[in-house]
Amino acid sequence: MSGFISSSLGRKVVMALSGFFLIIFLLVHLGVNLSLFAGRESFNAASHFMGHNPLIQLMQYVLAAGFIVHIAMGMILEWKNKKARPIRYAKNNAAASAGWASRNMIVTGVLILLFLILHIKDFFVEIKFGHVPDDYELVTQLFKNPLYVVIYVISFILLGIHLSHGFQSAFTSVGARSPKYLPLVKKTGVLFSYLIALGFSVIAIYFYFN
């Protein structure tokens with residue numbers, strides 16, 4: 001098992017599996033955030049469920065582990081890839097062999113990580129360990145800050161770019177390379193990246209103006 005994980009294929013599979021887990025998390029998180037449109041009571045009920053359900057509490061640790069594994073594997077793979085190819089060759093042929101998103105996964109990943117730290121500080125830490133009487137008020141008031149909204153929207157656009165390649169890469173890493181299904185995987189990945197980027201961004205922009 002350790003030999004498989006230490007191999008290039010093993011690392012890609014582990015990164016793909018952690019990526020699938022994070023994709024599911026994003027869908028759940030977006031669903032909870034969309035309940036903001038249903039009003040204060042609906043969002044607070046959803047937030048309370050996420051914050052007190054024993055299974056969800058357990059999954060928080062799994063989620064944290066998933067993030068750590070995904071980030072660690074991404075950095076290891078990037079380092080291994082750079083070691084394996086000549087610098088000049090990579091520089092001259094990168095644009096021809098891959099799109100901007102795939103060539104800059106580590107860049108978008110680091111920027112997303114920085115936003116995630118800010119996001120955890122402003123939301124998770126406040127709700128989990130602070131004295132927040134109204135989760136709805138906390139979230140909507142943060143969205144009244146224009147600087148925060150700009151950072152939030154840019155971060156989710158970067159996440160969408162990251163997902164546009166990461167979604168497809170995760171499936172191909174676990175063997176979904178058939179010419180019959182690959183076009184569908186690519187289209188689904190693009191649609192998913194738009195859904196996440198637009199979904200979270202629209203929420204922030206709407207509550208900024210309302």
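Select phenylalanine 167. With a relative accessible area of 8%, phenylalanine 167 is buried (buried is under 20% relative accessible area, exposed over 50%, partly exposed in between, with a 1.4 Å probe and protein chains only). Phenylalanine 171 counts as partly exposed, at 27% relative accessibility. Both residues sit in helix H9, four residues apart, about one turn of the helix. Helices here are DSSP runs of H or I with at least four residues, strands are runs of E with at least two, and numbering goes from the N terminus.

A word on the model. This is a predicted model, where local features need pLDDT of at least 70, side-chain atom pairs count only at pLDDT 80 or more, and totals for chains, interfaces and linings use all residues. Residues are numbered from 1 along each chain as its sequence is written, and side-chain values use heavy atoms, leaving out hydrogens and water.

Now colour by pLDDT, the predictor's confidence in each residue, from 0 to 100. The protein has a mean pLDDT of 83, and 89% of its residues reach 70 or more. Go to residues 88–97, where the pLDDT is below 50. This stretch has three contacts in the model beyond near neighbours in sequence (contact means heavy atoms within 4.5 Å).

Return to helix H9 and show residues 146–173. H9 has 28 residues and reaches 39 Å from its first C-alpha to its last, close to the 40 Å expected at 1.5 Å a residue. That expected span is 1.5 Å times one less than the number of residues. Stop at leucine 163, where H9 bends by about 30 degrees. The bend is the angle between axes fitted to the seven residues ending there and the seven starting there.

Check both ends of H9. Asparagine 145 caps the N-terminal end, with a side-chain oxygen 3.0 Å from the backbone nitrogen of leucine 147. Just after H9, glycine 175 takes a positive phi of about 110 degrees.

Next, the rings. Rings of Phe, Tyr and Trp (its six-membered ring) pair if their centres lie within 6.5 Å; planes under 30 degrees apart count as stacked, over 60 as edge-to-face and the rest as tilted. The count by this rule is 19 aromatic pairs. Select phenylalanine 143 and tyrosine 148. Their ring centres are 6.5 Å apart and their planes stand at 45 degrees, so the pair is tilted. Phenylalanine 143 is buried at 1% relative accessibility, and tyrosine 148 is buried with a relative accessible area of 6%. Ring pairs link Phe143 and Tyr148 into a cluster with Phe115, Phe123, Tyr152, Phe156 and Phe200.

Which residues does asparagine 33 contact, leaving aside its neighbours within four places in sequence? Select Phe43, Tyr152, Phe200 and Ile203 to see them. Asparagine 33 is in helix H2 (residues 8–34). Its relative accessible area is 9%, so asparagine 33 is buried.

Move to threonine 108, in helix H7 (residues 105–129). Threonine 108 is buried at 1% relative accessibility. Its side chain joins that of histidine 162 through a polar contact of 2.8 Å. A polar contact is a pair of N or O atoms within 3.5 Å; within protein, one must be able to donate a hydrogen and the other to accept it, and residues adjacent in sequence count only if both atoms are side-chain atoms.

Finish at isoleucine 205, in helix H10 (residues 182–209). Isoleucine 205 touches Val149 and Val153, not counting residues up to four places away in sequence.
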